[in-house]
Amino acid sequence: MNEDARTLFSRPESLNEVVTHYCPGCTHGVIHRLVAEVLDELGVRENTVGVAPVGCSVFIYKYLGTDFLEAPHGRAPALATGFKRLRPDMMVFTYQGDGDLASIGMGEIVHAANRGEKITTIFVNNAVYGMTGGQMAPTTMPGQVTTTSPGGRNVNDTGYPIRVAELLSALVTPNYIERVAVHTPQHIIKAKQAIRKAFTYQKEGRCFSLVEVLSTCPTNWGKTTEESLDWVESRMVPYFPLGCYKDPETAEVPDGAV
Amino acid sequence: MAKILMKGNEAIAEAAIKAGCVNYFCYPITPQNEVGEYMARRLPEVGGAFLQGESEVAVGNMLFGAASTGQRVFTTSSSPGISLMQESISYMAGAHLPVVIVNIMRGGPGLGGILPAQSDYFQATKGGGHGDYRLLVLAPSTIQEAVDLMMLSFHLAEKYRNPVMIIGDGMIGQMMEPVEFPEHHEEPELPSNDLWAITGAKGREPRVIKSLFLDPKLLDDNSWNLYDKYARMEREEIRFESYRIKPKNKILIVSYGTMARICQTAIDELEKDGVSVGLFRPITLFPFPSKQIAKEAKKKNIENVLVIEMSTAQMKEDVDLAVLGAKPVKFYGETGGLVPSPDAVKEQIMKLIKNPNDELKRR
């Protein structure tokens, strides 16, 4: 072999060599890979437990090479809390969709964040329930057609999409909250940086960290892959602004003691 | 160790620590709040994990996560809170996780009341949540027994890798009694929890703790594996106590928990009056001592089996199934926090002795 030959790109050790069940054009695979790369880079695969949600990514335990717990719908942050409290030396992350985290699991994520559990949450927001067949989610866009909002989401009837990153960053507890997207290579690079930061903060035992990732669902959006990537940029990003919402480096914490 | 005077809820808390369980998650609900308050104080002293969760739904799921480490963990709650935990209990049973859940029962349904009741018998013994599973259910009748069963429960949970539920009525939680903790706590050895626990995939294949089996054959396997565990419990874990069961008795009382203790007092007083009645007290409500009850009920001298509960005849269904019509099974009970007095029990027994063919009127 040429002495100058170097491997520039390969499958992360933390990413299993299996075919996923995800639909063509879905960006779960990209996000899985970013998590796997970060686990490799931080050297924590063998000391990590993931908590799988209910939803399309329920089978994430088949795709990542860490130990896993499979949680009831929405309860991943509670499982992660129970585990981390007993094993603070291990890395614990949840991987949750918008139905799981922002609807049925809203209580669990708010309180885990507010307690400042030293866990990491990857929150995949694709504005729809995927696995159950495209029903309206708390993050479904105004006017978006789903199987349970056939005339388009009517905000007078069902309210506006929940901005999870903004909502959680309103908590006083110092946390790391960032929203990213994965619809272009540049955004994927930024998403990787945010995920890495989230896991790094956990490794340092600093704070709860959540990365909201705007993702696609071509199947349930009724769009092609290209149309879906464009839809993230044109429809989702204006409503769900990207960026860091909260960082323990800059958080101001009022005393509030009695 | 010398006997010390303790409130039931606090004795249950200390018993868990003495049995090596230093991890506890809870949500406040009357009448079991002293457990959480005691643990908030004690667990930091012994280096354990204490956390008050945001709901019983979350607490049950925290137990799921905590038990996955292979360490001992438990929670306590009361009836409406136990209802909220059913989701996680079903998942933990399906995932073969050892946890201990204590239900200090209050009256129901709904918000009900806060006084002692036994109205969660069905919920505890028939699964409670969705799916094909059971809990191993223990019912203490004194605070000392609550301590002893609490200390046993962790071993049983690990032996079967199944949730164990201890049900005590509010009286067990709120009453004070002298209790004694053993000097040394010893348990039969079991295979290490490290064989199945989540410890990080270092030097082994990654592990998954789950209750999801989309392949129907695998789900069928899991359900029958659970069934086999319950069959083994039936062979190895049946516990009960017989009290003053004699060949001259015409009535066999079946009662558990605090209610059984009240029956004992009534039986003692009747004995002084020359009336002899026996009591069969199930300690395991699942597995239920059906064969043992049937054996006693079928004895020639027994005219009536009398089930006494602080519920509307829930355990009576299991006694009916045990006796299978061999003898009449009568019922007396109060609910909603009305705890029958020994005099009330005596009155019902005397009615039945005088008119063995009558049904007992509840009021």
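Biologist: At what angle do the axes of helix α1 and helix α8 of chain A cross?
Modeller: Bearing in mind that this is a predicted model, the axes of α1 (residues 28–42) and α8 (residues 185–203) of chain A cross at roughly 45° and come within 9 Å of each other. That angle makes α1(A) oblique to α8(A), and α1(A) passes α8(A) in a right-handed crossing.

Biologist: Which residues make that contact?
Modeller: From α1(A) the contact is made by A:V30, A:L34, A:V35, A:E37, A:V38, A:L39, A:E41 and A:L42, while α8(A) brings A:I188, A:A191, A:K192, A:I195, A:R196, A:F199, A:T200 and A:K203. Sorted by class, the contact of α1(A) with α8(A) has 10 nonpolar, 1 polar and 5 charged residues.

Biologist: And what does A:R33 form a salt bridge with?
Modeller: The partner of A:R33 is A:E37, and the closest N and O atoms are 2.7 Å apart. Both residues lie in helix α1 of chain A, with a spacing of 4 residues, about one turn of the helix. A:E37 is also one of the residues through which α1(A) contacts α8(A).

Biologist: Switching to the two chains, how many residues are in contact between chain A and chain B?
Modeller: On the chain A side there are 32 residues, in contact with 34 residues of chain B. The area buried between the two chains is about 2600 Å², and carbon and sulfur atoms give 65% of that.

Biologist: Which three residues supply 25% of the area that chain A buries there?
Modeller: Those are A:E46, A:D67 and A:L86, which supply more of the area that chain A buries against chain B than any other three residues.

Biologist: What about α3 of chain A and α3 of chain B, how far apart are their axes?
Modeller: The axes of α3(A), residues 76–86, and α3(B), residues 56–67, are 6 Å apart, and the two helices pack at an angle of about 50°. That makes α3(A) oblique to α3(B), and their crossing is right-handed.

Biologist: Who meets whom in there?
Modeller: On α3(A) the residues are A:A78, A:L79, A:T81, A:G82, A:F83 and A:L86, and they meet B:A58, B:N61, B:M62, B:F64, B:G65 and B:A66 of α3(B). By class, this contact of α3(A) with α3(B) has 8 nonpolar, 4 polar and no charged residues. A:L86 has already come up, as one of the three residues supplying 25% of the area that chain A buries against chain B.

Biologist: Now the backbone: is the peptide bond from B:F286 to B:P287 cis or trans?
Modeller: That bond is cis, with omega near 0°, and B:P287 lies in the loop between β13 (284–286) and α10 (290–297) of chain B. A cis peptide bond also joins B:T30 and B:P31, with omega at about 15°; B:P31 lies in the loop between β2 (23–26) and α2 (33–46) of chain B.

Biologist: And what is the phi of A:A127?
Modeller: A:A127 has a positive phi of about 65°, although this residue is not a glycine. In chain A, A:A127 lies in the loop between β4 (120–125) and α6 (155–158).

Notes. Residues numbered from 1 in each chain as written. Chains lettered and ligands numbered in written order. Predicted model: local features only at pLDDT ≥ 70, side-chain atom pairs only at ≥ 80, totals over all residues. Heavy atoms only, no water. Axes fitted to C-alpha atoms, helices over the stretch in contact; angles between N-to-C directions. Parallel < 35°, antiparallel > 145°, perpendicular 65-115°, else oblique. Left-handed = near helix turned anticlockwise from the far one by under 90°. Contact = heavy atoms within 4.5 Å. Nonpolar A, V, L, I, M, F, W, Y, C, P; charged D, E, K, R; others polar. Buried area = accessible area lost by both parts, 1.4 Å probe. Salt bridge = Lys/Arg side-chain N within 4 Å of Asp/Glu carboxyl O.
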